[in-house]
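Take a moment with the sequence and the fold. We will walk through a loop, a helix crossing and some charged pairs.

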Amino acid sequence: MNDKARQQLAADLLDKPYDTLTPIQKSVIDLMASETPTADHPSLAPDERNYWERLADTVAAIGGSWSFIFGFGLVLLVWIGWNVLAMSFHLAFDIYPFIFLNLILSMLAAIQAPVIMMSQNRAALKDREAAEHDAVVNMRAELEIMHLHDKLDAVRDEQLMELIRCQNETLELLRTQVAALTARVSI
């Protein structure tokens, strides 16, 4: 990669020396100088989660769904209903105030909460990587547009200079012809 091209792009587009740029700005300038495409979006990357991470994500997906809420509510109603109705036949295994049910709910919450937090942390990391990628792509697009504007301005300036040169030549020819006509008329 040409160091001079990086320095020039940084100076032209960001009005800063390359060495003073942030790491993201440097990566964008490097991509522009080398004219390589930006990397694929992180969401397109292959799934590299291990078994436990996939399990945590599945638990979080199930535990955070309406199906789980309704299903778990139904289990609670059946549990409580059975123990209330079966109490008169001495078949209840968890009589009111349902201490065993409270123990199970507490254990479920104690296990489910950290699993969901692990999944959320991984999702937040993935979102952060996607946001950084989007920032790089957006910055590159903005700088590329600025670069194209500069090139178009340079082309327009060249065309204007050529037009002015042609007009000056035309004016000079007209002056020459006017001078010749004036000389003929005065003879």
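Phe98 sits in the loop between H4 and H5. Helices here (H or I, at least four residues) and strands (E, at least two) are DSSP runs, numbered from the N terminus. This is a predicted model, in which local features need pLDDT of at least 70 and side-chain atom pairs count only at pLDDT 80 or more, while totals for chains, interfaces and linings use all residues. Residues are numbered from 1 along each chain as its sequence is written, and side-chain values use heavy atoms, with hydrogens and water left out.

Look at the backbone of Phe98. Its phi is near 55°, a positive value in a residue other than glycine. Most residues other than glycine have a negative phi, and most peptide bonds are trans. Is Phe98 buried or exposed? Phe98 counts as buried, because its relative accessibility is 11%. The cut-offs are these: buried means under 20% relative accessible area, exposed means over 50%, and partly exposed lies in between (1.4 Å probe, protein chains only).

His90 is also found in the loop between H4 and H5. Phi of His90 is near 60°, again positive in a residue other than glycine. His90 is exposed, with a relative accessible area of 74%.

Pro97 belongs to this loop too, between helix H4 (66-85) and H5. The peptide bond from Tyr96 to Pro97 is cis, with omega near 20°.

Now find helix H2 (residues 23-34) and helix H5 (residues 99-186). Their axes come within 10 Å and cross at roughly 55°. Axes are lines fitted to C-alpha atoms, for helices over the stretch in contact, and angles run from 0 to 180 degrees between N-to-C directions. That angle makes H2 oblique to H5. Angles under 35 degrees count as roughly parallel, over 145 as roughly antiparallel, 65 to 115 as roughly perpendicular, and the rest as oblique.

Which residues of H2 and H5 make the contact? From H2 come Ile24, Gln25, Ser27, Val28, Ile29, Leu31 and Met32. From H5 come Val136, Met139, Arg140, Leu143, Glu144 and His147. Contact means heavy atoms within 4.5 Å. By class, the contact of H2 with H5 has eight nonpolar, three polar and two charged residues. Ala, Val, Leu, Ile, Met, Phe, Trp, Tyr, Cys and Pro count as nonpolar, Asp, Glu, Lys and Arg as charged, and the others, Gly among them, as polar.

**Charged pairs**

Side chains of opposite charge can pair when their charged atoms come close. How many salt bridges does the structure hold? It holds nine. A salt bridge is a side-chain nitrogen of Lys or Arg within 4 Å of a carboxyl oxygen of Asp or Glu.

Start with Arg6 and Asp3, whose side chains meet in a salt bridge (2.8 Å, N to O). They are three residues apart in helix H1 (residues 3-14), so about one helical turn separates Arg6 and Asp3. Arg6 counts as buried at 17% relative accessibility, and Asp3 is partly exposed at 40%.

Move on to H5. Arg165 and Glu169 form a salt bridge there (2.3 Å, N to O). Arg165 and Glu169 are four residues apart in H5, so they too are separated by about one helical turn.

Arg175 and Glu172 form another salt bridge (3.5 Å, N to O). Both lie in H5, three residues apart, about one turn of the helix. Finally, salt bridges that share partners join Asp3, Arg6 and Asp30 into one network.
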